[in-house]
Amino acid sequence: MEIKQVTVIGSGLMGSGIAQVIATAGFRVNLFDSYPEALDKGKSGIEKSLARLVKAGRMKSEDQNLVMERIMFYKEMEPSLKGSQLVIEAVPEIPELKEEVFNSVEKFAEPDAVLATNTSNIRITEIAGMLKRPERLVGMHFFNPPVMMKLVEVIRGEKSSEENFQEVYNFSKKIGKEPIKVLKDTAGFVVNRISAPESLYFILLLEKKVDSPESIDAFAKSQALPMGPYELMDYVGIDTVLHSLDYYSKTLSSAYGNTTIPLKMVKEKKLGIKTGEGFYKWK
Ligand code: NAD
């Protein structure tokens, strides 16, 4: 099977970037979001990102329009899945939501389409367990921002078919990424499994009032890191941080449940850059 058209589900931070990457590589993309304002935001995010690339001399201006023409925007899932050989799910990191989405995807996607999830942490085997045909699902974990970051973790769930796993790995290369094969399907896979204790540690420093995000970030940046840990969490989204800690508390260690700050921030809609305020004010 040759992948010519891809459906991306969820036009947020990751889904819109993934759609842009795939369209830039010359493939047709259907981008679907169930919230019309999120779809509009995704579209304008892609337009701005392409304009920045042109301004920086990293894309020809005539290519900017071609990329936009390859992306179709959908408010309904069913038509967005028609004719796609690959479906990439990028909705929030909530298992019940992923289950709801994949139930519909199984109903409406082409019967032989490969299914992929951009989950940051949830075991592929767990999500595949929600499907009637679990062998269809493979993990395709992009990093933020997808347009810049080359790495993609391609994760084989316990039931993923070898054919689909290879297909997603090959396609990741075709869109200019540097994929790695992750054969052990554990919470957080490789990269986030390594960085999970770090997120917990930096949140606990605040809970214990050791110092402010500004001071700790200043220290991190003095060590030649491009961003401090709190800036990074604002960039990732505090809701995503909270969902990840919650998942780790159930799968890795109860220690991940010992925080109060992320939940408070989500309740106050301080989700980071996407709402204009997180640990920092961004507007
Ligand atoms: P986001 O909140 O920016 O975007 C999620 C989008 O999904 C929103 O636009 C929302 O409107 C849409 N959505 C919600 N319910 C939907 C539904 N039922 N059908 C269709 N669309 C729906 O989140 P994000 O940061 O893009 O994260 C998406 C996924 O990618 C998560 O699983 C997350 O863990 C993973 N991820 C995030 C990062 C990161 O740095 N933020 C990095 C890698 C992977």
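Helices (H or I, at least four residues) and strands (E, at least two) are taken as DSSP runs and numbered from the N terminus. Under this assignment, Thr125 lies in helix H6 (residues 124–128). The structure is a predicted model, in which local features need pLDDT of at least 70, side-chain atom pairs count only at pLDDT 80 or more, and totals for chains, interfaces and linings use all residues. Residues are numbered from 1 along each chain as its sequence is written, and side-chain values use heavy atoms, with hydrogens and water left out.

The ligand is surrounded by 27 residues, where a residue is counted as near if one of its heavy atoms lies within 4 Å of the molecule. The closest are Met14, Asp33, Glu93, Lys98 and Ser120. Polar contacts are pairs of N or O atoms within 3.5 Å; within protein, one atom must be able to donate a hydrogen and the other to accept it, and residues adjacent in sequence count only if both atoms are side-chain atoms. A polar side-chain atom of Ser120 is placed 2.5 Å from an oxygen atom of the ligand, and a polar side-chain atom of Asp33 is 2.7 Å from a ligand oxygen atom. Val91 contributes through its backbone, with a polar atom 3.2 Å from an oxygen atom of the ligand. On its own the ligand has 830 Å² of accessible area, of which the protein covers 90%; accessible areas come from the Shrake-Rupley method with a 1.4 Å probe, and for residues only the protein chains shown count as cover.

Helix H1 (13–24), helix H5 (95–108) and strand S6 (137–142) are the elements that give two or more residues to the shell around the ligand. Of these elements, H5 gives the most, with three residues. By class, the shell has 13 nonpolar, 10 polar and four charged residues. In this classification Ala, Val, Leu, Ile, Met, Phe, Trp, Tyr, Cys and Pro are nonpolar, Asp, Glu, Lys and Arg are charged, and the others, Gly among them, are polar. The ligand lies between domain 1 (5–182) and domain 2 (193–274), because both domains give residues to the shell around it. The domain bounds come from an automatic or database domain assignment.

Burial was assigned from relative accessible area: buried means under 20%, exposed over 50%, and partly exposed in between (1.4 Å probe, protein chains only). Asn30, in strand S2 (residues 28–32), is buried, with a relative accessible area of 4%. A polar atom of the Asn30 side chain lies 2.9 Å from the backbone oxygen of Ser80. Thr125 has 17% relative accessibility and therefore counts as buried. The C-alpha atoms of Thr125 and Leu39 are 29 Å apart in space, and the two residues are 86 apart in sequence. Lys41 is placed in helix H2 (residues 36–55) and, at 51% relative accessibility, counts as exposed. Lys41 and His141 are separated by 100 residues in sequence and by 22 Å in space, C-alpha to C-alpha.

Helix H7 (residues 162–174) has 13 residues and reaches 18 Å from its first C-alpha to its last, close to the expected 18 Å; the expected span is 1.5 Å times one less than the number of residues. The buried residues of H7 are Asn164, Phe165, Glu167, Val168, Tyr169, Phe171 and Ser172. H7 is followed by Gly176, which has a positive phi near 85°. Arg156 is in the loop between strand S7 (151–155) and H7, and counts as partly exposed at 26% relative accessibility.

Pro145 is found in the loop between S6 and S7, and the peptide bond from Asn144 to Pro145 is cis, with omega near -5°. Phe189, in the loop between strand S8 (178–182) and helix H8 (191–207), has a positive phi of about 55° although it is not a glycine. Phe189 counts as buried, at 3% relative accessibility. Lys209 is not a glycine either, and has a positive phi of about 55°. Lys209 is found in the loop between H8 and helix H9 (213–222) and is exposed, with a relative accessible area of 70%.
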